[in-house]
Amino acid sequence: MTTPVALDDAFLDRAVAVARDAAAAAADVIAHYYRAGFEVETKSDETPVTIADREAEAAIKRVLRAAFPGHAYYGEEEGREGDGDFLWLIDPIDGTKSFVRHYPMFSTQIALMHRGELVAGVSHAPQFG
(Lines give C-alpha, C1' and ligand atoms only; values in the text may rest on other atoms or scores of the structure.)
Protein backbone atom coordinates (compact mmCIF):
# COMPACT_ATOMS: atom_id res chain seq x y z
CA MET A 1 0.00 0.00 0.00
CA THR A 2 1.35 3.40 -0.92
CA THR A 3 1.33 6.33 1.42
CA PRO A 4 -0.97 9.18 0.32
CA VAL A 5 0.86 12.25 -0.93
CA ALA A 6 -0.31 15.71 0.04
CA LEU A 7 -0.72 18.00 -2.95
CA ASP A 8 0.70 20.95 -1.09
CA ASP A 9 2.90 23.73 -2.44
CA ALA A 10 6.09 21.90 -1.41
CA PHE A 11 5.15 18.78 -3.38
CA LEU A 12 4.08 20.79 -6.43
CA ASP A 13 7.25 22.93 -6.28
CA ARG A 14 9.33 19.73 -6.19
CA ALA A 15 7.35 18.23 -9.09
CA VAL A 16 7.93 21.34 -11.22
CA ALA A 17 11.64 21.41 -10.32
CA VAL A 18 12.04 17.76 -11.29
CA ALA A 19 10.09 18.33 -14.51
CA ARG A 20 12.44 21.23 -15.35
CA ASP A 21 15.43 18.95 -14.76
CA ALA A 22 13.81 16.32 -16.99
CA ALA A 23 13.20 18.89 -19.72
CA ALA A 24 16.84 20.01 -19.48
CA ALA A 25 17.97 16.38 -19.90
CA ALA A 26 15.77 16.12 -22.97
CA ALA A 27 17.17 19.39 -24.32
CA ASP A 28 20.68 17.91 -24.29
CA VAL A 29 19.51 14.96 -26.40
CA ILE A 30 17.49 17.15 -28.74
CA ALA A 31 20.35 19.63 -29.27
CA HIS A 32 22.72 16.80 -30.17
CA TYR A 33 20.45 15.49 -32.92
CA TYR A 34 19.44 18.95 -34.09
CA ARG A 35 23.13 19.62 -34.83
CA ALA A 36 24.21 16.11 -35.87
CA GLY A 37 21.29 14.99 -38.02
CA PHE A 38 18.86 12.10 -37.86
CA GLU A 39 16.57 9.94 -39.94
CA VAL A 40 12.84 10.54 -39.97
CA GLU A 41 10.36 7.70 -39.64
CA THR A 42 6.59 7.85 -40.00
CA LYS A 43 4.31 6.60 -37.23
CA SER A 44 1.06 4.75 -37.93
CA ASP A 45 -0.83 8.05 -37.64
CA GLU A 46 1.33 9.46 -40.47
CA THR A 47 3.24 11.86 -38.17
CA PRO A 48 7.03 12.00 -38.09
CA VAL A 49 9.19 10.54 -35.32
CA THR A 50 12.95 10.58 -34.87
CA ILE A 51 15.54 9.00 -32.62
CA ALA A 52 15.66 12.38 -30.88
CA ASP A 53 11.98 11.99 -29.90
CA ARG A 54 12.58 8.50 -28.50
CA GLU A 55 15.82 9.26 -26.69
CA ALA A 56 14.50 12.53 -25.27
CA GLU A 57 11.45 10.71 -23.89
CA ALA A 58 13.74 8.10 -22.31
CA ALA A 59 15.87 10.86 -20.74
CA ILE A 60 12.77 12.53 -19.31
CA LYS A 61 11.52 9.27 -17.82
CA ARG A 62 14.90 8.54 -16.22
CA VAL A 63 14.82 11.85 -14.35
CA LEU A 64 11.15 11.56 -13.35
CA ARG A 65 11.47 7.92 -12.24
CA ALA A 66 14.45 8.72 -10.03
CA ALA A 67 12.36 11.27 -8.14
CA PHE A 68 8.92 9.62 -8.40
CA PRO A 69 9.35 5.86 -8.82
CA GLY A 70 5.74 5.07 -7.92
CA HIS A 71 4.17 7.31 -10.55
CA ALA A 72 2.78 6.30 -13.94
CA TYR A 73 4.01 7.73 -17.24
CA TYR A 74 2.36 8.35 -20.59
CA GLY A 75 4.81 9.29 -23.29
CA GLU A 76 3.88 10.20 -26.84
CA GLU A 77 6.41 7.74 -28.24
CA GLU A 78 6.22 4.78 -25.84
CA GLY A 79 2.69 4.98 -24.46
CA ARG A 80 1.61 4.29 -20.91
CA GLU A 81 3.68 2.64 -18.21
CA GLY A 82 2.32 1.95 -14.75
CA ASP A 83 -0.80 2.84 -12.84
CA GLY A 84 -1.59 5.05 -9.91
CA ASP A 85 -2.99 8.36 -8.81
CA PHE A 86 -0.13 10.30 -10.45
CA LEU A 87 0.39 10.26 -14.21
CA TRP A 88 3.14 12.18 -16.01
CA LEU A 89 2.29 13.21 -19.57
CA ILE A 90 5.34 13.54 -21.81
CA ASP A 91 5.73 14.98 -25.28
CA PRO A 92 9.50 15.04 -25.82
CA ILE A 93 9.35 17.13 -29.00
CA ASP A 94 6.06 18.92 -29.46
CA GLY A 95 6.41 20.09 -33.04
CA THR A 96 8.45 17.27 -34.56
CA LYS A 97 7.50 18.50 -38.04
CA SER A 98 9.27 21.77 -37.27
CA PHE A 99 12.20 19.94 -35.66
CA VAL A 100 12.83 17.77 -38.73
CA ARG A 101 12.82 20.89 -40.93
CA HIS A 102 15.27 22.63 -38.60
CA TYR A 103 12.66 25.28 -37.89
CA PRO A 104 12.98 26.14 -34.17
CA MET A 105 9.25 26.14 -33.37
CA PHE A 106 9.20 23.07 -31.13
CA SER A 107 9.34 22.42 -27.41
CA THR A 108 9.27 19.75 -24.73
CA GLN A 109 6.01 19.39 -22.78
CA ILE A 110 5.79 17.63 -19.40
CA ALA A 111 2.69 17.67 -17.23
CA LEU A 112 1.58 15.94 -14.04
CA MET A 113 -1.96 14.75 -13.43
CA HIS A 114 -3.36 13.64 -10.10
CA ARG A 115 -6.50 11.51 -10.28
CA GLY A 116 -7.31 12.93 -13.71
CA GLU A 117 -6.69 16.58 -12.82
CA LEU A 118 -3.78 18.55 -14.25
CA VAL A 119 -1.75 19.87 -11.30
CA ALA A 120 1.62 20.95 -12.78
CA GLY A 121 3.35 21.42 -16.08
CA VAL A 122 6.50 22.57 -17.81
CA SER A 123 7.04 23.78 -21.36
CA HIS A 124 10.67 24.05 -22.43
CA ALA A 125 11.94 25.61 -25.67
CA PRO A 126 15.72 26.05 -25.18
CA GLN A 127 16.37 26.87 -28.85
CA PHE A 128 14.97 30.32 -28.07
CA GLY A 129 17.30 30.83 -25.09
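Two strands are taken to pair if DSSP finds at least two bridges between them. The comments below apply to a predicted model.

1. Pairing of strands 5 and 6. Strand 5 (residues 86-94) and strand 6 (residues 107-114) are antiparallel and are joined by 7 bridges. Leu-87 has Met-113, in strand 6, as its bridge partner.

2. An open sheet is built from 5 strands, ordered 4-3-5-6-7, with mixed pairing.

3. Helix 2 (residues 51-67) lies across strand 3 (72-75), strand 4, strand 5 and strand 6, and runs at about 150 degrees to strand 5.

4. The search of the whole structure returns 8 salt bridges. In one of them, the side chains of Lys-43 and Glu-77 meet, with an N to O distance of 3.4 Å. Lys-43 belongs to the loop between strand 1 (40-42) and strand 2 (48-50), and Glu-77 to the loop between strand 3 and strand 4; the pair therefore ties together parts that lie 34 residues apart in sequence. Buried means under 20% relative accessible area. Lys-43 is buried because its relative accessible area is 18%, and Glu-77 also counts as buried because its value is 16%.

5. Glu-57 and Lys-61 form a salt bridge through their side chains (3.1 Å, N to O). Both residues lie in helix 2, 4 residues apart, which corresponds to about one turn of the helix. Glu-57 and Lys-61 are both buried. A network of salt bridges links Glu-57, Lys-61, Arg-65 and Glu-81.

6. Asp-83 and Arg-80. Is Asp-83 buried or exposed? Asp-83 is exposed, at a relative accessible area of 64%, and forms a salt bridge with Arg-80 in which the closest N and O atoms are 3.9 Å apart. Arg-80 is partly exposed, with a relative accessible area of 43%. The cut-off applied to a salt bridge is 4 Å.

Definitions and conventions:
Residues are numbered from 1 along each chain as its sequence is written. This is a predicted model: local features need pLDDT of at least 70, side-chain atom pairs count only at pLDDT 80 or more; totals for chains, interfaces and linings use all residues. Side-chain values use heavy atoms; hydrogens and water are left out. Helices (H or I, at least four residues) and strands (E, at least two) are DSSP runs, numbered from the N terminus. Contact means heavy atoms within 4.5 Å. Axes are lines fitted to C-alpha atoms, for helices over the stretch in contact, and angles run from 0 to 180 degrees between N-to-C directions. Buried means under 20% relative accessible area, exposed over 50%, partly exposed in between (1.4 Å probe, protein chains only).
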